[in-house]
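Hello,

Here is the structure I promised to pass on. Please have a look at it first, and then read my notes below.

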Amino acid sequence: MKRWGIAVVAWGLLAIFSHANTPISERYQAWIQRIPKEINITDYLSVVVISEQKHYLFHNGELQAIYPVSTGSKTRYKGDRTMKEGLWRLGRKMDKDLAPIYGVRLIFMEKYNPKTQTYKETNLAFHGTNEPERIGSASSMGCVYHYDRDMLKLYDLLPRHSLILTVNQ
């Protein structure tokens, strides 16, 4: 009986970690299938994989970079602030008069509503952080924290309305 239990646990762990061994081109194809047909995929597509705490940046379907991030925490703050799966796009950009928690740059995220087929600005954003030691763990207030050096690149590189897909796997 003990061997059976160990086998079940091992199989479960294999299922969780096997995504990391799937070629990125296959993962990309699976991810873009989640985007509704009425949405045109933008030149730049960001995929934030919540379980990995990573931001995969694609340009015209080719992987450009992988950034470590921090997404929403379930327990650090009052209320569950975990990042949900969904489709977003980049909105308004800010680079002046930011509170220290936002680091050097901030780009608001607009959430896609499939019922109305529209986007709405939210209080969530891609931004830098004054807590770089938390990057790599789900510890934000709901936003997607990046290292400041990465946010400086992304802020200049990514056009407004570039798509973001948030996925668990």
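Which residues are exposed on the other side of α3? They are Arg149 and Asp156, where exposed means over 50% relative accessible area, buried under 20% and partly exposed in between (1.4 Å probe, protein chains only).

Before the rest, a word on the source. This is a predicted model, in which local features need pLDDT of at least 70 and side-chain atom pairs count only at pLDDT 80 or more, while totals for chains, interfaces and linings use all residues. Residues are numbered from 1 along each chain as its sequence is written, and side-chain values use heavy atoms, with hydrogens and water left out.

The overall picture: the protein has three helices and eight strands, in the order α-α-β-β-β-β-β-β-β-α-β along the sequence. Helices (H or I, at least four residues) and strands (E, at least two) are DSSP runs, numbered from the N terminus. Of the 169 residues, 39% count as buried.

Back to helix α3 (residues 148-157), whose buried residues are Asp150, Met151, Leu154 and Tyr155. These cover an arc of only 130 degrees around the axis, so they sit on the same side of α3; the arc is taken from the directions from the helix axis to the C-beta atoms. The general rule is that an α-helix has 3.6 residues a turn, so residues three or four places apart point the same way. The buried residues of α3 pack against β2 (54-59), β3 (62-70), β4 (86-94), β5 (106-113), β6 and β7 (144-146).

His127 belongs to strand β6 (residues 118-127) and is buried, with a relative accessible area of 2%.

Now the interior. A nonpolar core here is a set of buried Ala, Val, Leu, Ile, Met, Phe, Trp, Tyr and Cys residues joined through side-chain atoms within 4.5 Å. The largest has 24 residues, and Met109, Phe126, Val144 and Ile164 touch the most other members. At least two residues come from each of β1 (44-49), β3, β4, β5, β6 and α3, with β5 giving the most, four. Apart from this core lies another, of 16 residues, among them Ile39, Phe58, Leu165 and Val167.

How values were computed: Contact means heavy atoms within 4.5 Å.
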